[in-house]
Amino acid sequence: MFPLFETICVLDGTILHPQWHERRYEDSYLTYFKKSPSKSLLGDITVPENFKEGKIKLRIAYNQHTVEVNWSPYKTIEIKRLKVIPEDAIEYSLKYNNRNALNTLYLKKEHCDDILILKEGRLTDSSYGNLAFLRENIWYTPDQPLLSGTCRDRLIHENKLIPKSIQLSDLNQFSSFKVINAMRSLEDVTASPIKNIIL
(Lines give C-alpha, C1' and ligand atoms only; values in the text may rest on other atoms or scores of the structure.)
Protein backbone atom coordinates (compact mmCIF):
# COMPACT_ATOMS: atom_id res chain seq x y z
CA MET A 1 0.00 0.00 0.00
CA PHE A 2 1.28 3.42 -0.98
CA PRO A 3 -0.53 6.14 0.99
CA LEU A 4 1.01 9.11 -0.81
CA PHE A 5 2.03 9.96 -4.35
CA GLU A 6 3.60 12.69 -6.45
CA THR A 7 2.73 13.64 -10.04
CA ILE A 8 5.57 15.16 -12.05
CA CYS A 9 5.67 16.56 -15.57
CA VAL A 10 8.37 15.28 -17.92
CA LEU A 11 8.76 17.30 -21.12
CA ASP A 12 10.88 15.89 -23.94
CA GLY A 13 12.87 13.82 -21.48
CA THR A 14 13.40 16.57 -18.90
CA ILE A 15 11.85 16.35 -15.42
CA LEU A 16 10.31 19.77 -14.78
CA HIS A 17 10.72 21.66 -11.51
CA PRO A 18 12.20 18.72 -9.54
CA GLN A 19 13.12 20.87 -6.53
CA TRP A 20 9.47 21.71 -5.87
CA HIS A 21 8.48 18.04 -5.92
CA GLU A 22 11.40 17.10 -3.66
CA ARG A 23 10.30 19.81 -1.23
CA ARG A 24 6.72 18.58 -1.06
CA TYR A 25 7.87 14.96 -0.83
CA GLU A 26 10.10 15.79 2.16
CA ASP A 27 7.37 17.81 3.88
CA SER A 28 4.67 15.19 3.22
CA TYR A 29 6.89 12.30 4.31
CA LEU A 30 7.74 14.07 7.57
CA THR A 31 4.08 14.93 8.22
CA TYR A 32 2.75 11.46 7.47
CA PHE A 33 5.54 9.18 8.72
CA LYS A 34 6.85 11.48 11.50
CA LYS A 35 10.43 11.25 10.23
CA SER A 36 12.49 12.61 7.36
CA PRO A 37 13.04 10.42 4.27
CA SER A 38 16.40 8.68 4.01
CA LYS A 39 16.76 9.43 0.29
CA SER A 40 15.38 11.78 -2.32
CA LEU A 41 12.28 11.11 -4.41
CA LEU A 42 13.91 11.52 -7.83
CA GLY A 43 17.49 10.47 -7.14
CA ASP A 44 17.11 7.02 -8.70
CA ILE A 45 14.73 8.04 -11.50
CA THR A 46 15.89 7.80 -15.12
CA VAL A 47 13.54 8.68 -17.96
CA PRO A 48 13.04 5.59 -20.17
CA GLU A 49 13.91 6.00 -23.86
CA ASN A 50 10.30 5.49 -24.97
CA PHE A 51 9.15 8.39 -22.76
CA LYS A 52 11.67 11.01 -23.90
CA GLU A 53 9.38 12.74 -26.39
CA GLY A 54 6.34 14.88 -25.67
CA LYS A 55 4.61 15.57 -22.36
CA ILE A 56 4.75 12.61 -19.99
CA LYS A 57 3.14 12.12 -16.59
CA LEU A 58 5.49 10.55 -14.06
CA ARG A 59 3.55 9.21 -11.09
CA ILE A 60 5.52 8.08 -8.04
CA ALA A 61 3.50 6.45 -5.27
CA TYR A 62 5.39 5.82 -2.06
CA ASN A 63 5.29 4.45 1.45
CA GLN A 64 7.92 4.57 4.16
CA HIS A 65 10.21 2.04 2.46
CA THR A 66 9.54 1.77 -1.27
CA VAL A 67 8.10 3.47 -4.34
CA GLU A 68 5.95 2.52 -7.32
CA VAL A 69 6.79 4.37 -10.55
CA ASN A 70 4.47 4.78 -13.54
CA TRP A 71 5.01 6.65 -16.81
CA SER A 72 2.23 7.62 -19.22
CA PRO A 73 1.72 10.03 -22.14
CA TYR A 74 -0.28 13.08 -21.10
CA LYS A 75 -2.88 15.00 -23.06
CA THR A 76 -4.21 18.18 -21.48
CA ILE A 77 -7.95 18.04 -20.81
CA GLU A 78 -9.83 21.28 -21.34
CA ILE A 79 -11.63 22.43 -18.21
CA LYS A 80 -14.10 25.07 -19.33
CA ARG A 81 -16.96 24.79 -16.83
CA LEU A 82 -16.93 24.27 -13.06
CA LYS A 83 -19.81 23.30 -10.80
CA VAL A 84 -19.66 24.82 -7.30
CA ILE A 85 -19.96 22.09 -4.64
CA PRO A 86 -20.07 23.07 -0.93
CA GLU A 87 -18.28 20.60 1.37
CA ASP A 88 -17.01 21.72 4.76
CA ALA A 89 -15.78 18.34 5.96
CA ILE A 90 -13.31 17.49 3.18
CA GLU A 91 -9.60 17.24 4.05
CA TYR A 92 -6.87 16.69 1.46
CA SER A 93 -3.82 18.49 2.82
CA LEU A 94 -1.42 15.81 1.55
CA LYS A 95 -1.38 14.15 -1.87
CA TYR A 96 -3.12 11.00 -0.69
CA ASN A 97 -3.58 7.97 -2.94
CA ASN A 98 -7.05 7.64 -1.42
CA ARG A 99 -9.08 10.20 -3.34
CA ASN A 100 -12.50 8.76 -2.49
CA ALA A 101 -13.82 11.99 -0.98
CA LEU A 102 -12.75 14.02 -4.02
CA ASN A 103 -14.09 11.41 -6.42
CA THR A 104 -17.47 11.43 -4.67
CA LEU A 105 -17.71 15.20 -5.03
CA TYR A 106 -16.57 14.98 -8.65
CA LEU A 107 -19.60 12.84 -9.46
CA LYS A 108 -21.74 15.90 -8.68
CA LYS A 109 -20.28 17.95 -11.55
CA GLU A 110 -23.41 17.41 -13.70
CA HIS A 111 -22.71 18.83 -17.19
CA CYS A 112 -19.54 20.64 -16.13
CA ASP A 113 -15.96 19.51 -16.68
CA ASP A 114 -14.96 19.62 -13.02
CA ILE A 115 -16.05 20.94 -9.64
CA LEU A 116 -15.09 23.96 -7.55
CA ILE A 117 -15.05 22.96 -3.89
CA LEU A 118 -16.44 25.53 -1.47
CA LYS A 119 -15.26 24.97 2.11
CA GLU A 120 -16.62 27.10 4.95
CA GLY A 121 -17.64 29.74 2.44
CA ARG A 122 -14.23 29.99 0.77
CA LEU A 123 -13.19 28.83 -2.67
CA THR A 124 -10.54 26.11 -2.48
CA ASP A 125 -9.66 23.78 -5.39
CA SER A 126 -11.10 21.77 -8.21
CA SER A 127 -10.75 17.99 -8.12
CA TYR A 128 -7.89 18.25 -10.65
CA GLY A 129 -5.83 21.05 -9.19
CA ASN A 130 -5.53 24.53 -7.79
CA LEU A 131 -7.41 27.52 -9.14
CA ALA A 132 -6.22 30.79 -10.62
CA PHE A 133 -8.51 33.79 -11.14
CA LEU A 134 -7.72 36.78 -13.36
CA ARG A 135 -8.47 40.39 -12.42
CA GLU A 136 -6.92 43.34 -14.28
CA ASN A 137 -4.01 41.25 -15.65
CA ILE A 138 -3.14 39.82 -12.22
CA TRP A 139 -3.69 36.16 -11.35
CA TYR A 140 -4.96 35.32 -7.86
CA THR A 141 -5.38 31.98 -6.11
CA PRO A 142 -7.38 31.00 -3.00
CA ASP A 143 -5.19 31.41 0.07
CA GLN A 144 -6.54 28.26 1.75
CA PRO A 145 -6.48 25.48 -0.87
CA LEU A 146 -7.22 21.88 0.02
CA LEU A 147 -3.77 20.97 -1.28
CA SER A 148 -0.98 23.44 -1.88
CA GLY A 149 0.25 22.23 -5.26
CA THR A 150 3.84 22.45 -6.49
CA CYS A 151 2.83 24.57 -9.49
CA ARG A 152 0.89 26.94 -7.21
CA ASP A 153 3.78 27.20 -4.75
CA ARG A 154 6.28 27.91 -7.52
CA LEU A 155 4.11 30.58 -9.15
CA ILE A 156 3.57 32.31 -5.79
CA HIS A 157 7.35 32.23 -5.23
CA GLU A 158 7.84 33.78 -8.69
CA ASN A 159 5.23 36.49 -7.95
CA LYS A 160 3.09 35.27 -10.84
CA LEU A 161 0.22 34.25 -8.56
CA ILE A 162 -1.14 36.15 -5.55
CA PRO A 163 -2.81 34.27 -2.64
CA LYS A 164 -6.09 35.85 -1.62
CA SER A 165 -9.13 34.91 0.44
CA ILE A 166 -11.90 34.46 -2.13
CA GLN A 167 -15.54 34.01 -1.16
CA LEU A 168 -18.21 32.82 -3.54
CA SER A 169 -19.61 36.34 -3.65
CA ASP A 170 -16.22 37.63 -4.86
CA LEU A 171 -16.34 35.71 -8.14
CA ASN A 172 -17.81 38.58 -10.14
CA GLN A 173 -14.65 40.60 -9.38
CA PHE A 174 -12.73 38.32 -11.74
CA SER A 175 -12.90 37.94 -15.51
CA SER A 176 -11.66 34.36 -16.02
CA PHE A 177 -10.18 31.29 -14.37
CA LYS A 178 -7.76 28.42 -14.95
CA VAL A 179 -7.20 25.05 -13.26
CA ILE A 180 -3.47 24.49 -12.69
CA ASN A 181 -1.28 21.66 -11.45
CA ALA A 182 2.09 20.10 -12.21
CA MET A 183 0.79 18.95 -15.60
CA ARG A 184 -1.16 22.14 -16.33
CA SER A 185 1.03 25.23 -16.14
CA LEU A 186 -0.51 28.69 -15.97
CA GLU A 187 1.02 29.59 -19.34
CA ASP A 188 -0.13 26.47 -21.17
CA VAL A 189 -3.83 26.11 -20.31
CA THR A 190 -6.61 28.23 -21.76
CA ALA A 191 -8.57 30.60 -19.53
CA SER A 192 -12.35 30.27 -19.29
CA PRO A 193 -14.77 33.13 -18.55
CA ILE A 194 -15.89 33.44 -14.94
CA LYS A 195 -19.52 33.00 -16.04
CA ASN A 196 -18.63 29.35 -16.70
CA ILE A 197 -18.58 28.71 -12.96
CA ILE A 198 -22.04 27.33 -12.27
CA LEU A 199 -23.78 27.58 -8.90
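Modeller: Let's start with a pair of side chains: Asn-130 and Asp-125 are joined by a polar contact of 2.9 Å. Keep in mind that this is a predicted model. The Asn-130 side chain also gets to the backbone oxygen of Leu-147, at 2.7 Å. As for where it sits, Asn-130 belongs to strand S8, which covers residues 130-135. Is Asn-130 buried or exposed? With a relative accessible area of 4%, Asn-130 counts as buried, because the cut-off for that is under 20%.

So what packs around it? Setting aside neighbours within four places in sequence, Asn-130 is in contact with Asp-125, Pro-145, Leu-147, Ser-148, Gly-149, Arg-152, Lys-178, Val-179 and Ile-180.

Now for the nonpolar side of things. The largest nonpolar core has 31 residues, and Ile-15, Leu-42, Leu-58 and Trp-71 are the ones touching the most other members. At least two residues each come from strand S1 (4-11), helix H1 (18-33), strand S3 (55-62), helix H2 (100-106) and strand S6 (114-119). S3 gives the largest share, 5 residues. Take Ile-15 as an example: beyond its neighbours within four places in sequence, Ile-15 is in contact with Ile-8, Cys-9, Val-10, Leu-42, Ile-45, Val-47 and Leu-58. There's also a second, separate core of 16 residues, with Ile-79, Val-84, Leu-131 and Val-179 among them.

Technical notes. Residues are numbered from 1 along each chain as its sequence is written. This is a predicted model: local features need pLDDT of at least 70, side-chain atom pairs count only at pLDDT 80 or more; totals for chains, interfaces and linings use all residues. Side-chain values use heavy atoms; hydrogens and water are left out. A nonpolar core is a set of buried Ala, Val, Leu, Ile, Met, Phe, Trp, Tyr and Cys residues joined through side-chain atoms within 4.5 Å. Buried means under 20% relative accessible area, exposed over 50%, partly exposed in between (1.4 Å probe, protein chains only). Helices (H or I, at least four residues) and strands (E, at least two) are DSSP runs, numbered from the N terminus. Contact means heavy atoms within 4.5 Å. A polar contact is a pair of N or O atoms within 3.5 Å; within protein, one must be able to donate a hydrogen and the other to accept it, and residues adjacent in sequence count only if both atoms are side-chain atoms.
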